[in-house]
Protein chains: 2
Amino acid sequence: MTKSAPTAAVLLIGDELLSGRTRDINLQQIASYLAPLGIPVRETRIVPDVEDEIVDAVNALRAKYTYVFTTGGIGPTHDDITADAIAKAFGVGISEHPEVTAMLAERYREMGTEYTPARRRMARVPHGASIVENPVSGAPGFQTGNVFTLAGVPSVARAMLEDIGPRLETGAVVHKVTIRGRGLREGDIAEPLGALAKDMPEVSLGSYPWFVSMTDSGVHLVARATDEAQLKVAADKLEEIVKACGVQAERLEEAG
Amino acid sequence: MTKSAPTAAVLLIGDELLSGRTRDINLQQIASYLAPLGIPVRETRIVPDVEDEIVDAVNALRAKYTYVFTTGGIGPTHDDITADAIAKAFGVGISEHPEVTAMLAERYREMGTEYTPARRRMARVPHGASIVENPVSGAPGFQTGNVFTLAGVPSVARAMLEDIGPRLETGAVVHKVTIRGRGLREGDIAEPLGALAKDMPEVSLGSYPWFVSMTDSGVHLVARATDEAQLKVAADKLEEIVKACGVQAERLEEAG
């Protein structure tokens, strides 16, 4: 019960996320990976490929949360400026990492591909950073203090998390129960739900309506707690609240 | 050519987005709606259902961008605290809006549904705010200064944008061309791409790799500019760069 409470923030970097061209999936991947480790994501920011914006966001987030995860901007092209921005945020230099550049040189030699100056850029890491392995496509991520810099390509970002997991201080795992009430309306349950939230402050209660049409709508009620016994009590009460409205309650139990 | 350059930020509010339970779609909807109006989204933040976090984010963003769009947290339940947070951010009071509460009372009367205290909460708007119509489910959003507060349910948020559009100062529309190169590798085009980016500073060039597997990977090259003639020159050069790698270039032209 004296376990520490680590927290995380996610910083998604890239014009394509802000323009709507790309719908991000990395936040979900990172949050889902961290949840069973007891590390909740508390804030996310999306910034463009602009150095000062990246620097300001990194510095704001690393001061406030235990860990920061960035995605995007570590490839070989001119718009890949994340490594430089991280170095600037930490006030350190940046240069080719000898082991990384040797590894990339060997990898490209095996592929029969020229190891060009552009590809060498992917070996540049901030001074003092440690490497995060990329088993998918070679070019690594890196860890600078409490900031982990991952690729933007989802399959690569996901693989990098495996190398990061063992480095993280874990917290108390939050368990979750979802009660799905098709046809339920939030206004019908708001009062008893609010009362339950007040009665059980150690359980976090969320109400998430969906509305596709007048005939396809409803509410998901989500209870979260580290204490499983308390969670069960809350979930039973949520079911009662839903059933009192004459609506069937569908129950889903999940970790994280 | 002397057109102003309005900018936007999006603030997504809700624990469910940070936990990974819900994958946001509102950023894409808002960015896609604003693009043809010449209003680019420059930053996005996702914060939990915590009043101080919402207040801080609203105040940081409204000072920096022409417009701020928030989504989520305006329903009838205890975790819907956005309206109060907006009022606090602007330092104004909040109470039931007479016209909104009359409209909701009438709507629920027609539906044969009790207009409960919880439902009355949805009529509360910050003092001085104007109403944003919700033709889907009734309970409105609102505009406070340069901040627009929308529902989190995507169909409702999308409908609310229609009432907001005419209020916005528009900018120069950015046009976009995408060149899709299946099998292309960023390292092969990084040098000529970087040189083109330097030669044509008025065109924004982005390189977005995808990587599903060694046989299903490639790069999307995206050029954006307000000047369509310049954009065409850049797109032709991008095609040449891709073709020089022995890869077929597939061209997509889009607005926004």
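A crossing of two helices is left-handed if the near helix is turned anticlockwise from the far one by less than a right angle, and right-handed if clockwise. The model shown is predicted, so local features need pLDDT of at least 70 and side-chain atom pairs count only at pLDDT 80 or more, while totals for chains, interfaces and linings use all residues. Residues are numbered from 1 along each chain as its sequence is written, chains are lettered from A in the order in which they are written, and side-chain values use heavy atoms, without hydrogens and water.

**View 1. Helices H2(B) and H7(B) cross with a right-handed sense.** Helices are DSSP runs of H or I with at least four residues, numbered from the N terminus. The axes of H2 (residues 26-34) and H7 (residues 154-164) of chain B come within 10 Å and cross at roughly 20°. Axes are lines fitted to C-alpha atoms over the stretch in contact, and angles run from 0 to 180 degrees between N-to-C directions. H2(B) and H7(B) are therefore roughly parallel to each other (angles under 35 degrees).

**View 2. Residues of H2(B) meet residues of H7(B).** Contact means heavy atoms within 4.5 Å. Asn26(B), Gln29(B), Ile30(B) and Tyr33(B) of H2(B) meet Pro154(B), Ala157(B), Arg158(B), Leu161(B) and Glu162(B) of H7(B). This contact comprises 5 nonpolar, 2 polar and 2 charged residues.

Note on methods:
Helix = DSSP H or I, 4+ residues; strand = E, 2+ residues; numbered from the N terminus. Parallel < 35°, antiparallel > 145°, perpendicular 65-115°, else oblique. Nonpolar A, V, L, I, M, F, W, Y, C, P; charged D, E, K, R; others polar.
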